[in-house]
Amino acid sequence: MIKDNLSALIQSIPSTVTLVAVSKTKPVASLLEAHQAGQRDFGENKVQELVDKASVLPQNIRWHMIGHLQRNKVKYIAPFVSLIHSVDSFRLLNEINKQGKKNDRVIDCLLQVRIAQEETKFGLTFENSNEILNQNNYTHIRIRGLMGMASFTDNQIQIESEFKSLAQYYKQYQDQYDWDTLSMGMSGDYPLALSCGSTMIRVGSRIFGSRN
Ligand SMILES: *Cc1c(COP(=O)(O)O)cnc(C)c1O
């Protein structure tokens, strides 16, 4: 089932787009099934769960941290995480840089920008993002682009305008900062995200089934 979901999904997206399989709350067996079908990028939103799964799953998996990240937990994923999508403060960047230095690696990150109208979503304003980009002199972090989540709504016009605002900001700075990653789109809205210029989608329930 997971295998079929994955292959249908992969066939429906351009080959240049990276698919992050969002496996939060799902058992290791489900991730293994996806891995056996060739999937290598997996996303989790909790540090503990990510670390636990990484310790028992194949080494060639690229782990994506997609959920809100507390500074005191960066150290657990710093040795191996492939991409942190959820950078939303200077303080978090400072900590990631420190842990990158300790582990002698440059950690790839995305700035999470708040594009949704809802108040509950984490993320930077465009102004805060500008401040970070202007002062970015971190030796052990590479900011590769941006991440955003659209509002949880059926209003396609609204979702599209939120995605477009992020895509526009991305395009504005892409060359200057040498970005290659615009992470937007989930199970319910990834086709729209792709039409707006997304290069990376984070899809969970459409692959693994709905979460309880
Ligand atoms: C859960 C989650 C997803 C995937 O959601 P689905 O609707 O199951 O595809 C994507 N991005 C983030 C940040 C998430 O927390």
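Two strands pair if DSSP finds at least two bridges between them. Strands (E, at least two residues) and helices (H or I, at least four) are DSSP runs, numbered from the N terminus.

This is a predicted model, where local features need pLDDT of at least 70, side-chain atom pairs count only at pLDDT 80 or more, and totals for chains, interfaces and linings use all residues. Residues are numbered from 1 along each chain as its sequence is written, and side-chain values use heavy atoms, leaving out hydrogens and water.

**Exercise 1.** Find the residue in strand 8 that is the bridge partner of Ala 21.

*Solution.* Start with the strands: strand 1 (residues 18-22) pairs with strand 8 in the parallel sense over four bridges. Next, look up Ala 21: its bridge partner in strand 8 is Val 203.

**Exercise 2.** Work out which residues Ile 207 touches.

*Solution.* Begin with the rule: contact means heavy atoms within 4.5 Å. Then set aside residues up to four places away in sequence; Ile 207 touches Ile 2, Asn 5, Leu 6, Leu 9, Leu 19 and Ala 21.

**Exercise 3.** Describe the largest nonpolar core.

*Solution.* First, such a core is a set of buried Ala, Val, Leu, Ile, Met, Phe, Trp, Tyr and Cys residues joined through side-chain atoms within 4.5 Å. Of its 59 residues, Ile 84, Ile 96, Leu 146, Phe 163 and Ile 207 touch the most other members. Helix 7 gives the most to this core, with seven residues.

Methods
Buried means under 20% relative accessible area, exposed over 50%, partly exposed in between (1.4 Å probe, protein chains only).
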